[in-house]
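Dear colleague,

Please find below the structure that I am handing over to you, together with its sequence. My findings follow directly after it.

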Amino acid sequence: MLDLDDIQHFLLSRPHALAARYEFLSFASPEAGRAWLAGILDTVGNARAVTDAADSDTRWVTVAFTWNGLRALGVDESALATFPAEFREGMAARAEVLGDVGNNHPDHWDAGLAGPDLHAIVILFASDAAARDRSAAKHAAFVSTCHGARVLSSLDLESLPPIEYSHDHFGYRDKLSQPALEGPDAIKPGEFILGYPDEDGNGPNLPQPEVLSRNGSYLAYRRLQEHVGAFRDFLAQNGRTAEEQEMVAAKLMGRWRSGAPLALAPEKDDPELGADPHRNNAFNYKDADPKGYAVPLGAHIRRMNLRDTGAHMNRRRMIRRGTTYGRPLPAGAADDGVDRGIASFFGCASLVRQFEFTQNVWVNDPKFQELENERDPIIGTQDGTFDMTIPKRPVRKKFKGLPAFTTVKGGAYFFLPGIRALRYLSAGERPAVSEPRSGESNGART
Amino acid sequence: MNDLKPIAAALPRKGEKLVKGRYGSMMPVTPANGFTLIAKVKPGSAPTIRAYGQKIEDTIRESPDALAVLRLHYLRWVLFDNDTRFMYIGIFDTDFDKYVEDAVMLFKATGITTIFEQLEGFPADWRDNPAAFAEFCRVHQAPSFMEYAQYPDISAIEVVKAVTMKRALAEALDQLQ
């Protein structure tokens, strides 16, 4: 059912890449933007090609645009006006909605991400850091030939050792819970990709023109600096032994750092369980842990997905991509102030319903789930005045005044167009505005 | 932590800053937080609206938690001015902005949206456009100039929890006799 030749691979499949480079671009004129896009178009991966490609083939790139970027490429105002309000405003303007206040405010973001000049992102995937650097050099050389195109900033990413499994700078195994698009628990594709039925019906009206929006997705990009020293200090202050410290880490996240979910391993870590994709995500809360004695109600993964204790959960899922940046902090070393963290993309069909709801209601509302004065311990905006309750028998434990383990250093709302849409953008055409009804095929198109 | 004393507030409060929500300006949280929606009824549709009284009674009898996601304390639905106008009074615990999509899905599931469709000015694309639904509510909200709460800032969930605990404790004490 999904048009895998037309959908960019980014949300649906993954090249076997252990490194990547994000280039944030700005275009002085539509001609500059189109010239750049035309030059890289053949390397943009579609879902079918990337899935079929050999593991060693990592030459794919991914391209996405901000609303300002679509305008910069020459999309006209009447079409631009059909995009959703929150995408038009951009993530920086939505700071209050998202809870990006204090140290997380866009005024403190890096690298030009909060400004109106951010037009596009290109992700260069690579098999390792050396290949990434070669790819980046090649891209830089190409950009210099596109008069009027410039790189605002870049970010080098690579998987942290040990590379056998994906994990972040805090040591948590990552990427364990993704929405299923196939199988018995499948969520309708229209929750993530425009032009398909979603969990509520036919999906929202497609922005115009349809050739631009069909098979596209919205991406919420977040760059989170991880304060490894502060995190390790917190574990040391709240756990006398290594085991106790692992438990503290587990209670904050909802999973042991091995990936084993507290819901299935409430007392003791189980690294085998953590590593087993058939078991490490098979759990629920309503019957097994309604009060949070295993997984605290405010733990990160319980906030991100309420499972069977939330209403209409299939309308609130997102496909997550991204990885770590910055060199790791050696075990036992004091924090060296190096910029390190995790850069993530959240793919969905409605930024306001999926991403913004999560941030506003589940991450940063201090009264989430009747908790008093608690925000997400890992990604919430923490300023030292919020707590976290750990239900425990006979008496619960409370962490008072959690420090900030992360800081938002950048973000943006991007639109991830389909391949036909990219060709449309690079050619600068102006087809007639078509019927706004989505979810129905318009038949063959060029 | 509030001291459980009653509160009254003259509204709007001076110098109150409007906070931006996901769908536009949020209505500030007040002592008897919620809606007073007032709208004209399409001519002749009052009987359709009135029939929902029994429908909702039946729905809640069958599924008591059907409206739980709305975080309601109380609802009052009124037809007045000779059945030409409809008033929806709801007292609930959360900013409506946070749960607009859940409310729209819930109304669809219970058929309550049929009532809204009888109101003049209700958006035709409400099914796919929670923003338009939220805007309709904002435009038709008749804001209070005074609200009183006997037990301010206590959610319906907390009330039920507290009474449940009190009953359990009372039973345990009785069994100790």
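**The sheet in chain B**

In this predicted model, chain B holds an open sheet of three strands, ordered β4-β6-β5, with antiparallel pairing. The edges are taken by β4 (34-40) and β5 (72-80) of chain B; each has a single partner strand, so one side of each is left without a neighbour in the sheet. From one strand to the next, the twist averages 10°.

**Chain B as a whole**

Five helices and seven strands make up the elements of chain B. Read from the N terminus, their order is β-β-β-β-α-β-β-α-α-α-β-α. The C-alpha trace of chain B spans about 65 × 45 × 35 Å along its principal axes. Chain B has 177 residues, of which 23% count as buried. Where contacts in chain B link residues at least 6 apart in sequence, 76% of them join residues at least 24 apart.

**The nonpolar cores**

The largest nonpolar core comprises 108 residues, and those with the most contacts inside it are Ala20(A), Ala64(A), Leu219(A) and Phe414(A). Both domain 1 (9-162 + 182-223 + 411-427) and domain 2 (225-346 + 369-410) of chain A contribute residues to this core, so it lies between them. Leaving aside residues up to four places away in sequence, Leu219(A) touches Ala64(A), Phe345(A), Phe346(A), Gly347(A), Phe414(A) and Leu416(A). There is also a second, separate core of 26 residues, which includes Tyr23(B), Ala32(B), Ala39(B) and Phe86(B).

**Where the two chains meet**

Which elements of chain B give two or more residues to the side that touches chain A? Overall, 14 residues of chain B are in contact with 16 residues of chain A. The elements in question are β2 (20-21), α2 (100-110) and α5 (156-176) of chain B. Of these, α2(B) gives the most to that side, with three residues.

With kind regards

Definitions and conventions
Residues numbered from 1 in each chain as written. Chains lettered and ligands numbered in written order. Predicted model: local features only at pLDDT ≥ 70, side-chain atom pairs only at ≥ 80, totals over all residues. Pairing = 2+ DSSP bridges. Helix = DSSP H or I, 4+ residues; strand = E, 2+ residues; numbered from the N terminus. Axes fitted to C-alpha atoms, helices over the stretch in contact; angles between N-to-C directions. Buried ≥ 20, exposed ≤ 12 C-beta atoms within 10 Å, placed from the backbone. Contact = placed C-beta atoms within 7 Å. Core = buried A, V, L, I, M, F, W, Y, C linked by C-beta atoms within 7 Å. Domains from an automatic or database assignment.
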